[in-house]
Structures are given as structure tokens and as C-alpha cells.
Amino acid sequence: MMQKKRVELPLLISLFVCCCFSGTAFTQIKTIPLETRHHALVLQVSDQNDVHITYLGRRLNQATEYGIIPDAYKQHTDYTGLLNSAYTPSGSRNLLEPAISVTHADGNNSLDLRYVSHEIQQLADGISLLKVALKDPVYPFEVILYYKAYFNDDVVEQWSEIKHEERGTVTLHKFASANLHLKASAYWLRQYYGDWAREMQPEEERLTHGIKVLDSKLGTRTNLFQPPVFMVSLDRPATEHEGEVLLGSLQWSGNFRTDLELDPQNNLRIISGINNYASDYSLEKGEIFTTPIFMYTFSAEGKGLASRNLHNWARNYKLLDGNGQRLTLLNNWEATYFDFNEDKLKALLKDTKKLGVDLFLLDDGWFANKYPRNGDTAGLGDWEENRSKLPNGIGTLVKEASANGVKFGIWIEPEMVNPKSELYETHPDWVIKQPKRDEYYFRNQLVLDLSNPEVQDFVFGVIDDLFTQNPDLAYIKWDCNAVIYNTYSAHLDNQSHLYIEYVRGLYKVLERVRSKYPTVPMMLCSGGGGRVDYAALQYFTEYWPSDNTDPMERIFIQWENSYFYPAIASANHVTDWGKQPIKFRTDVAMMGKLGFDIVIDHLNDNDLAFCQNAVQTYNGIKGTIWHGDQYRLTHPRENSVASMLFVDKAKEKGVLFNYLVNNRYDEGSHLPVKLEGLDPERNYRISEINLYPGTSSPINHEQVYSGDFLMKIGFNPQVRKGRESVILQLEAE
Ligand code: DGJ
């Protein structure tokens, strides 16, 4: 007997249930669609109780039809019954890349995972959680798959819990967070590579058969060569507006690994999780291993919509204070490097006030006495004020800032140590290094062993002491410059746990920081953009995309980051990198959270007046940039003019940034740029803002345009030589 019924869950997941009775055996669920507003992920339980992914794509109008999707495909034989497994075990029938592989307590390497049960919970309005329990029929070994759906944003987070009741320890050799399966005629992968000052360089290619691996083995600063974010387009390369595309990433601030395997049936298997490189994990009886979250969003209308969905999701659920405010600032790193004293800083505090920004940020070099931090070769780890630079301590500066009507923030790099430091002398056992090998340094420093609870206490203490001694401290820049070499912990018995325990230790510290100091803004910095991911961003209000602040480079770096992270999280500073005029540099930095890192005293009168006005102008438009919708109109890699638009949610205000990115003869905006996200029925007035003193705009701000006109015909920002950077403001009538 076959019964079918669609359970109309008020929430987000609809459940199409097939119940089969055979004798006394009762095989329940067959098809489990996980729906968001426009997208569905469909799991199906086979008659063998294997759990398959049978669909990932656009939501169907009739949920009952999810069950018949497999019939539409007449692909080659799957000899294993596991090619589209929702969590591929290894050592039994599997022939391709597994999501999990283990050695059982008895030394056996085989694993099979069969469906046991599932349940759906509504966690909050618009958020539901599907749990699918799997079990090995032979060994007491279980995996629970979690799928958390954010209905409105078309975002799904996936993770797994692994546990066993075997007599002894089970070794996990691979332990993925997610195992997806896509069907299309072809697949294009957009991935990123980089290095210091060259973050987020894109590469897009058609995937061929075999496995493409995106990964990091750096331990800390894990994004230095490759970040975990990627896109996969189905059938053809997605554009900004068209095509089916999945944007995905792992939420983990350590080694990651994503396998993209085009299988013999021409389907794409995506397996993502902590990198299992040098990380066999010994799982004790009863212990639960929870993987980090893999997240994705799926759009059938191109990359633009996918990124806006991610931005909304991030601001609402992940990024700390994602819908809140941010502080504009003046940073002293490039203005002084290590060469400053109290008087110099007091002058910079006055400059902060003069510039009109909210906060002064004191960067590296303020600490250490026995081995003063006068360069990057010494002092890291010794977090007491340097007495010759700051004889009256940080407290005096915090007070002085307040007397100037600005706030005070400070740089730290608490996970690291210079060998030339008192910390290293006192606690060599707190340092990650091989006991029998020569030390090897990255920026003359080593990484502290955060797997050790004493080190966690120390790192928490660095922040806690700063706030205890200076309660008015208003901002932290948390840096992380070194990778892990010579991976060895004097604390751990099991060395293959170190990469994982390091990150767990880091999160424990950040949890403690946030439970005691929940709101203080913190910048996630890692020698540039070496460590941005959504696990870390739960504790940080912003990230530093790159030390490369040449605005031409930043247009490209910020552009690629903007697919994955909202503008409110992007800390952009005006510096002396690049040869562009101050207006160009400032305009580019405004496409996120604005800061300055220049010597205000060196600015001529016009440049100073421009910067002061720019801060005021920014204060008027920052709400739209931080909380609005972002539209990439013309791409700097494909056009001579790059145009980026932000529109507020009410479609009343917009800010359009335009840059000349090709300096060849006669390059410029010969065509109007088609706007997006406006109300076609409303009229908008467009005016140029952030003009340099003494210049005027050719834009006629008296002319009113309908949203319909601006989206169908467009608007010409008149970018050309001499007008390399143009910011336009849109205001609905
Ligand atoms: C690397 C960061 O990315 C820079 O902004 C600066 O803070 C230096 N570290 C300080 O050492």
C-alpha cells in the first residue's frame, strides 16, 4: 500500500512523505525537499535506505513532483548507488571521493551509512532545521546531517555530527561538513588565489572530469594563497543577472578543503569541510565531533542576486552587529609605522578631530620593553606599554582622545610571538614549533599554541587587561600575520589534532571576549585579508581585505569580496599607496567602511578640505552603503569604467560609484550605465557628490529621471580622463 501526502509545514520545509509497509517492516520517508523562497535541495531515501541528493536547484511549484525528478534523468549506471550520496562513506561500496572515512576501533576501514530517521524543527520565523540521522548497520557509528534553511535569503547552512559507541577509539581520516550533488550539462568554477597584497584574484574555468581541490594547509592566516569562497555556475557561466549559480564557503578559520568532482555520470559532487591534511582525528566513544558549517546560496538569476541574498543573510544572522553602525577612523600604521611617541600620537588625536572621523586607531609598535617593538623583529607577545614611547600609558591617550571628542582604538596580534620577547623566554612551551628542528619564521614570528588552555587564558587576558585598564577603549584591530610552520604542540598528546584544536581554541577565546565585551567593534585583520570567513565574522564587525590600498587594486579586490561579504564589513582606508589623487583614493574607500591612514598634517589646504567634506558626505550616505542593496553594474575586468550602485531598501536613495580603470586614449563612459534596484514608478534626481574643491560637475542635477528610464536606458556618469572617479547620489522625489 502506498500513501502520499504533502505536509504543509507553515515554515520553510515541505515534506513529501511516502510510507511503505512490507510485512512488519515500515519504511517511511522517501523524499525530503528542503525549500527556501526560490530554491530547493531534495533528499531521497532509497529502498536500501541510502540517502541521496536528487535535486539542487530552482524550487518547483508542486512539491509532489520532487519525488519524480530522478526519473527524468537517463544517465549511465551508478555501480555504487552512492554517487549522489548525501554523505558518502568510504570503504564499502563507494568508488569516488568520500565525505567521511574512518578506521574503526577494531582496525576495520569500512563504513556504510543508512537512513534512520529525520525531523524538521522551526527555529525562528524564516529559519528551519532539518536533521537526518544515519547509522552504520554493522558498527555502532552514527552521523547526523544538519541542514539549516534561511527561507527569505535562499541560504542553507550544512554541518554534521559524528559519534560512535565502539569499544575504543575510532580514527576519522576525513570528516566533511557537506556533500552536495548537482546536475547540469556543464559546470564553471570561479575560484580565487592570491598572496600578500594580491588577495582575491579570480579564475574561472570549466570543470573537467576528476577532482578539483580548493584548500589551505596554512593553519592560521589560512586565506593567504586561497580563500574558501567559490562559485559554481550550471550549464553556462553565470553573469551578474543571468544563470544558475551556487556561491559557497566553509565557515572555519583554519585549514579547509573543498573537493569538486565531476563524476562518470557528468554530475558534480561538492564535498567541503575541514582539511583532513595531517589531521586524523581520534574520536573517543560517546564524543561528538561537530564539523564546521558549510554554507551556500543558490540563485537562478545570476551572481548579483546571490550576493545580495548573502549580504542580507550575513547582516541579519552572522556578522556581528550586521545591521548596526560603524566608526570611521584615522589609523597611524602607514603614517608612522613603528616610529611614534606620546607627543606624536597626541598630535594625531587632534588630526582625528580635525578630519572629523569618529576614532583614532593606534597600530603596531606601542608595546614591549625588554625587547621594544620598534620593528617587526622583536617584542610581539609582551603586551605592556613601551615606557619610552608611552611613559604615561595607553590610559593617557584614551583620555586625551576623549578630550578631543574622538574615540580610541588599538591594534593587537595576541596569537603570535617574536622569539625575541619575554613571552618566548618565559613560555617556550606555549609556542608551536618542532622540538628537534630549527625554527622557521613568517615575518620573524611564531604562532602560540591555542590548543593549550593556558595560552587561551593568556590571549583572552591580553584583551581583558586592555579593557579593564582602559574601559573607554572603543575598538580593536586583531591581526594575525604568521602561518603555522613546524606544526607541533607541547601540550597535545595527539599531534594530528593541532590544526583543529588551534581553531577551536581561537573560538573559545573569541567566545569569552564576546560574552564579556559583546558590542565593542573589532576588525578582523590577517596581514591583509588572510583570514576572513563567516565563522570568524560572528565575533568581528569588519575585516581588512588587503594591505594593498592602492585604490586601483582595491577596486578589484573589494569587487570580488563583495560577492561574498557585505560592504558594511569591508574596512577600506585611504592611504598613500597608489599615485591617484586624494579624491580617487577616498571615493574607493567609501565603498565600504571608510577610514584614513595618511598624515593629515601633510595634506595641502584643498586636500584637507576635500577630506573633511568627504567625511561629512560619507556620513550622509553611509547608511545606504552599509544597509542597502549592492548592484555591480559594470565590471572592472570587462569594462573601462567600473560602476557599483547601492540602493536603500526603501528605494528612495542610491549611491553610484564610478571609476575609470583603463587609462588608454579616449577611454571613458561612452554609454549610459543601466541602473538596477530602483522603483520604476518613482522619479529620481541625480547629483554628483564628493567634488574636489574648485571643480564643478557637468551633471545636471535639475533633470529628473524615472526609475524605469534609469534601468532601461541608464545614466552616463561622464567618467573620462580628468574625471576618473565620480560619485552620484540618487534621491527619489
Ligand atoms: C599587518 C596589517 O595588515 C597592517 O594593517 C598592520 O596592522 C601591520 N600588520 C602591523 O604590523
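Lys712 and Asp708 both belong to helix α11 (residues 707-712), where four residues, about one turn of the helix, separate them; helices here are DSSP runs of H or I with at least four residues, strands are runs of E with at least two, and both are numbered from the N terminus. The two side chains form a salt bridge in which the closest N and O atoms are 2.7 Å apart, the term standing for a side-chain nitrogen of Lys or Arg within 4 Å of a carboxyl oxygen of Asp or Glu. Lys712 counts as exposed because its relative accessibility is 56%, whereas Asp708, at 30%, counts as partly exposed; buried means under 20% relative accessible area, exposed over 50%, and partly exposed in between, with a 1.4 Å probe and protein chains only.

Elsewhere, salt bridges with shared partners link Arg190, Glu204, Lys303, Glu560 and Arg637 into one network.

## Basis of the model

The model is predicted, so that local features need pLDDT of at least 70 and side-chain atom pairs count only at pLDDT 80 or more, while totals for chains, interfaces and linings use all residues. Residues are numbered from 1 along each chain as its sequence is written, and side-chain values use heavy atoms, with hydrogens and water left out.

## Other charged pairs

Across the whole structure, a search finds 43 salt bridges. Side chains of opposite charge can pair when their charged atoms come close. One of these pairs is Asp112 with Arg114, whose side chains meet at 2.8 Å, N to O, and both Asp112 and Arg114 are buried.

Another salt bridge joins Asp339 to Lys344, with 3.5 Å between the closest N and O atoms. Here Asp339 is exposed, since its relative accessible area is 53%, and Lys344 counts as partly exposed because its relative accessibility is 37%.

## The ligand and its surroundings

The ligand is surrounded by 13 residues, the closest being Asp363, Asp364, Lys477, Asp479 and Asp547; a residue is near a molecule if one of its heavy atoms lies within 4 Å of it. By class, this shell holds six charged, four nonpolar and three polar residues, where Asp, Glu, Lys and Arg count as charged, Ala, Val, Leu, Ile, Met, Phe, Trp, Tyr, Cys and Pro as nonpolar, and the others, Gly among them, as polar.

Oxygen atoms of the ligand lie 2.8 Å from a polar side-chain atom of Asp363, 2.9 Å from one of Arg443, and 3.1 Å from an N or O atom in the side chain of Trp411. The protein covers 98% of the 290 Å² of accessible area that the ligand has on its own, the areas coming from the Shrake-Rupley method with a 1.4 Å probe.

## Cysteines

With a disulfide taken as a pair of cysteine sulfur atoms within 2.5 Å, the count comes to zero disulfides. For Cys525, which is in no disulfide, the nearest cysteine sulfur is that of Cys480, 8.8 Å away. Cys525 counts as buried because its relative accessibility is 1%, and Cys611 counts as buried because its relative accessibility is 0%.

## A loop residue

Glu65 is located in the loop between β6 (51-58) and β7 (100-103), and Glu65 is partly exposed because its relative accessible area is 36%. Although Glu65 and Thr31 are 34 residues apart in sequence, the distance between them in space is 9.9 Å, C-alpha to C-alpha.

How values were computed:
Polar contact = N/O pair within 3.5 Å; in protein donor to acceptor, adjacent residues only side chain to side chain.
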